[in-house]
Amino acid sequence: MNEVKTMSNFDWVIRNANVIDGTGKPPFQADLGITGDTIHAVDTLNEQQGRSVLDAAGLCIAPGFIDIHTHSDGVIFTCPTADSRVRQGVTTEITGNCGFSAAPLSGPSAEERRKELLKETDAPATWTDVASYFKQWEETGASLNHALLLGQGTIRQNIAGLEDRPLTDEEHKILIQTIEEGMRQGAVGISTGLEYTPGCYTSTDEIVSIARIAAKYDGLYATHMRDEEDGLLEAIAEAIDIGRRAEIPVQISHFKACGRANWDKQGKAIELIETARKSGVDVMADAYPYTAFSTDLTILLPTWAREGGAEAIIKRLYDPTDRMRILKELDQNVQSSTGDYSRIIIGSVQSSQNQYAVGKTAEEIAALQNEDPAATIARLIEEEKADVSFIGHGMSEENVERVLSHPQVMIGSDGSSMKPVGKTAETKPHPRSYGTFARVLGYYSRERGLFDLPTAVKKMTSMPASRVGMKDRGRIAPGMKADLTLFDPKTVIDRATFQNPHQYPTGISHVMVNGQFVIKDGKHTNARPGRVLV
């Protein structure tokens, strides 16, 4: 126990809690005394010491969960209550992953990115740099905290569009200056999305050059690698090489082996990480607890066909020669990533004419339209102006468990803040946005016994906090910020499914952010005490 700070009253006393402190140590019984946004006591307290008291008998209390891999950069402005996140105990999101960040937005192609953000979120992106993005975020207010990675793809697109070419010397100079400015303004690192445009057109040397800048500010390098399928091992080797040359911690995003033909590479992929760590490269990973991924349908197109963005893609699909080549290579990519078209499910479309496709497999849609499945995907990309999401069932359950249980892997949802009303309700997103953390606690820890509860909580709290340099979050101890999640270890479980993803988990009773309850007795309080963390 810790010595109680002399204080006549705490704002809150949380009594009879089963404390899981985030370090991986066994649980212990204690009361928490909270004043303002800070935990001041973890000891035996009485009701008279709190202006308000919560009896947590039968519940576990853990540090608020920190989601190290999310995509709420822009949508937080249309869903500031972050319902899908806080209802599963998440109190901090790290955004700007996979090479795409809401900020910065400046340079020749910035307006194109603004249009993309507006289409995604219905909220005008009025900011230019990281500082003005943070200002707009704080003025809007949110129910959870936020930290930002600089997206290499966003910055390169701002400077040079979606072109497959090296940067000029002047463009590279601007790139370096932009990274430096973003890190000074509070970004916690950089990210790449090397399967996407323009990340796929970027050389290793260019990435090393910006990673070195982030390293100067003790930043992190997070990467959606160049290949998670046939070239998985080569992609891991590249990530490790970047970490070694730039002398920067490497975070491999949504670590997995996609496609049945590649499942046996998962063991070797883990070995590469372990060997790199022994040689002095600080490389770790995050993963979500599902056997399916989700991304844009255009990722199934060859990289050459994606150059230039949506208009250029559609133009190539209308060209008979290009189309024939695209369909052939698209079919090969489907075989590599999922194995067949029955494992590709449309998650969202923009038009009403194709709303029927949401929730159906590419194979089912092809049968309805009496067309080849590859042609179905091409047609949807054409008609939806290259803005279609899909879910791909590409991983094995055995590998998911192998990855989740590894001591260097933490939990990251790859999801975003949303709620089951409005425009979002018309989509069938991956259930990870609603269920990731409850699924780890309820299914993989309690039911499967993959790891004990303290280990599960550590993967969600102190590990990601340490990874991004948050010294006052991720643990329960005096002096730490009062980001807390209270849950019933016997009943906590995810309810979101691929068929019905817009469902909140059960068993998470209370969630506190900076000393204020955002979830109380299982209901959202509409409080928005979140902060930008720099």
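This is a predicted model: local features need pLDDT of at least 70, side-chain atom pairs count only at pLDDT 80 or more; totals for chains, interfaces and linings use all residues.
A crossing of two helices is right-handed if the near helix is turned clockwise from the far one by less than a right angle.

**Entry 1: helix 5 and helix 6**

I looked up how helix 5 (residues 169-184) sits against helix 6 (residues 204-216), and found their axes 9 Å apart at an angle of about 25°. Angles under 35 degrees count as roughly parallel, so I noted helix 5 and helix 6 as roughly parallel to each other. Helix 5 passes helix 6 in a right-handed crossing.

Next I wanted to know which residues meet there. From helix 5 I listed His172, Leu175, Ile176, Ile179, Glu180 and Met183, and facing them in helix 6 are Glu206, Ser209, Ile210, Ile213, Ala214 and Lys216. Sorted by class, this contact of helix 5 with helix 6 holds seven nonpolar, two polar and three charged residues.

**Entry 2: helix 2 and helix 4**

I then turned to helix 2 (residues 110-121) and helix 4 (residues 152-160), whose axes come within 7 Å and cross at roughly 130°. That angle makes helix 2 oblique to helix 4. On the helix 2 side I wrote down Ala110, Glu112, Arg113 and Glu116, and on the helix 4 side Thr154, Gln157 and Asn158. By class, the contact of helix 2 with helix 4 divides into one nonpolar, three polar and three charged residues.

**Entry 3: cysteines**

How many disulfides does a search of the whole structure find? I got zero. Cys258 is in no disulfide, and its nearest cysteine sulfur belongs to Cys98, 12 Å away. For a disulfide the two sulfur atoms would have to be within 2.5 Å.

Is Cys258 buried or exposed? Its relative accessibility is 2%, so I put Cys258 down as buried. I checked Cys60 as well, and Cys60 is buried with a relative accessible area of 2%.

**Entry 4: helix 13**

Last, I looked at how covered helix 13 (residues 373-383) is. Helix 13 is mostly covered, with ten of its eleven residues buried. My list of buried residues in helix 13 reads Pro373, Ala374, Ala375, Thr376, Ile377, Ala378, Arg379, Leu380, Ile381 and Glu382. I noticed that the charged residues Arg379 and Glu382 are on that list.

What do the buried residues of helix 13 pack against? I found helix 10 (310-318), helix 11 (320-337) and helix 12 (362-369), along with strand 14 (344-348).

Terms used: Residues are numbered from 1 along each chain as its sequence is written. Side-chain values use heavy atoms; hydrogens and water are left out. Axes are lines fitted to C-alpha atoms, for helices over the stretch in contact, and angles run from 0 to 180 degrees between N-to-C directions. Helices (H or I, at least four residues) and strands (E, at least two) are DSSP runs, numbered from the N terminus. Angles under 35 degrees count as roughly parallel, over 145 as roughly antiparallel, 65 to 115 as roughly perpendicular and the rest as oblique. Contact means heavy atoms within 4.5 Å. Buried means under 20% relative accessible area, exposed over 50%, partly exposed in between (1.4 Å probe, protein chains only).
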